[in-house]
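Please look through the sequence and the structure below before reading on.

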Amino acid sequence: MNARARTFIAAALVLGIASGPAVARAAPAPAAASSGIKAPPVFSTPPDAVALRKALAGVGARSEEATAALVRVGGTSGGWRGGAGVADVRTGRGPVAGARFRAGSVTKTFTAAVVLQLAAEGRVDLDRPVQGYLPGLLPAGPGGFEPISVRQLLNHTSGIPAGDGRETPFEEQYAHRFDVVDPHALIAAAAAKGPEFRPGRKQHYQNIDYTVLAVLIEKLTGAPYEEALSARILRPLGLRDTSVPGRAQSGIPGPHHHGYQALRRPGGGTSLVDVTDWNSSANWAAGDLISTTADLERFTVALFGGKVVPRAQLEEMFTVPTVKDFESGEDAVHTAGMQRFVLPDGTVAYGKTGSRYGYSTVIGGTRDLSRTLVYSVNSTDAKGPALNKVTSGIIMAAFTKPASSPAA
């Protein structure tokens, strides 16, 4: 199982998703909602500040889990903000509230939003094969690709295999961290492998789906992906500290926390390798976003509130396809640009995780916006198989209802 898949499974386990086939089944609608009566908020009490502070305890230069963390819990039930650790282990400088960071696969939520905007405008049909918009990109014929709908790209049921080396060891990736990757070359490499499965039959979470979607965005808008994203989402929402660097940039502009990867020493113990500067062109529309917790909170609230994508198309982001996961065989959990989570008490939340070396990110919340969560954690093994205690502690502290809560 690849590191990215393990990351998502870990996140699912943190939020209490069952490992059995009940994972992706739609939760029954509350009686109040189905009868037309406005349902009470999922969360009606403020976040547990004590639990959140406890989750951040120990974060710092000497931590085995994370060197820094920034957290914003919000919603109609109240808010909490906090930070811990160091921005730079060499200087010991403390956390910066407005620090920028690599948001990883949270980029996919932005990309999906642009595609759904185009669908709302009638410029793309989600049921139409992407080959009709991008002829020649995915060859047909014996061993080739059947028609793949735009919706199947959005919810990872396309069957297109990965175009990059997903299991490449960190040391090799680090040695090539400044390499510039052409997204068209990734698509060609994926296409050369042929399909993993027939479109719509299974779900396999892959970056390549969103690389193809970015090419589609460029074709439909006549603008580079980065400009389309800026014009449609970043500028309208005032996300001034959010950007997609593009292929030429390897650093993080503006104030930021350094990211580190822990490596085991031959004689025992670990050392931290600074992974802040890294060219992320291979991730492009699937994972190249740089942002802040404030910007991502604003985006999350606007998105869930129907201010980014019209509500008819927004349903795609809250709809899980009724198929099995390609790797685990369990029910699918990914939607168009997000993922569905079920808390131990049955509460449903939606969101997106993201991981780049040195950086772990989450955006999400309950659909009624009574509770939202955004964090950036400088995990020392952000793409590893082990569950990070800091991130799991933050999620549980943010979404656990106190026993006295009327909504508990």
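Predicted model: local features only at pLDDT ≥ 70, side-chain atom pairs only at ≥ 80, totals over all residues.

## Terms and overall make-up

Helices (H or I, at least four residues) and strands (E, at least two) are DSSP runs, numbered from the N terminus. Residues are numbered from 1 along each chain as its sequence is written.

The chain has 14 helices and 12 strands. Of its 408 residues, 56% are buried (under 20% relative accessible area; exposed is over 50%, partly exposed in between; 1.4 Å probe, protein chains only). Contact means heavy atoms within 4.5 Å. Among contacts between residues at least 6 apart in sequence, 72% join residues at least 24 apart.

## The open sheet

Six strands form an open sheet in the order E2-E1-E12-E11-E10-E9, and their pairing is antiparallel (two strands pair if DSSP finds at least two bridges between them). Strand E2 (80-85) and strand E9 (339-342) are at the edges with a single partner strand each, so one side of each has no neighbour in the sheet. On average, neighbouring strands are turned by 20 degrees against each other, direction ignored. For such angles, axes are lines fitted to C-alpha atoms, for helices over the stretch in contact, and angles run from 0 to 180 degrees between N-to-C directions.

Within the sheet, strand E10 (residues 348-356) and strand E11 (residues 359-365) run antiparallel and are joined by 7 bridges. Arg356 stands opposite Tyr359 in E11.

## Helices on the sheet

Helix H3 (residues 49-56) packs on the sheet, where it touches strand E1 (66-74) and E2, and its direction makes about 20 degrees with that of E2. Helix H14 (residues 389-399) lies across E1, E10, E11 and strand E12 (372-379), and runs at about 165 degrees to E12.

Arg232 belongs to helix H10 (residues 225-237). Is Arg232 buried or exposed? Its relative accessible area is 18%, so Arg232 counts as buried. Leaving aside neighbours within four places in sequence, Arg232 is in contact with residues including Val114, Gln117 and Glu121.

His156 lies in the loop between helix H6 (150-154) and helix H7 (170-175). His156 is not a glycine, yet has a positive phi of about 60 degrees; its relative accessible area is 3%, which is buried. Trp284 is in helix H11 (residues 284-287). Phi of Trp284 is also positive, near 35 degrees, and Trp284 is buried at 7% relative accessible area.

Methods. Heavy atoms only, no water.
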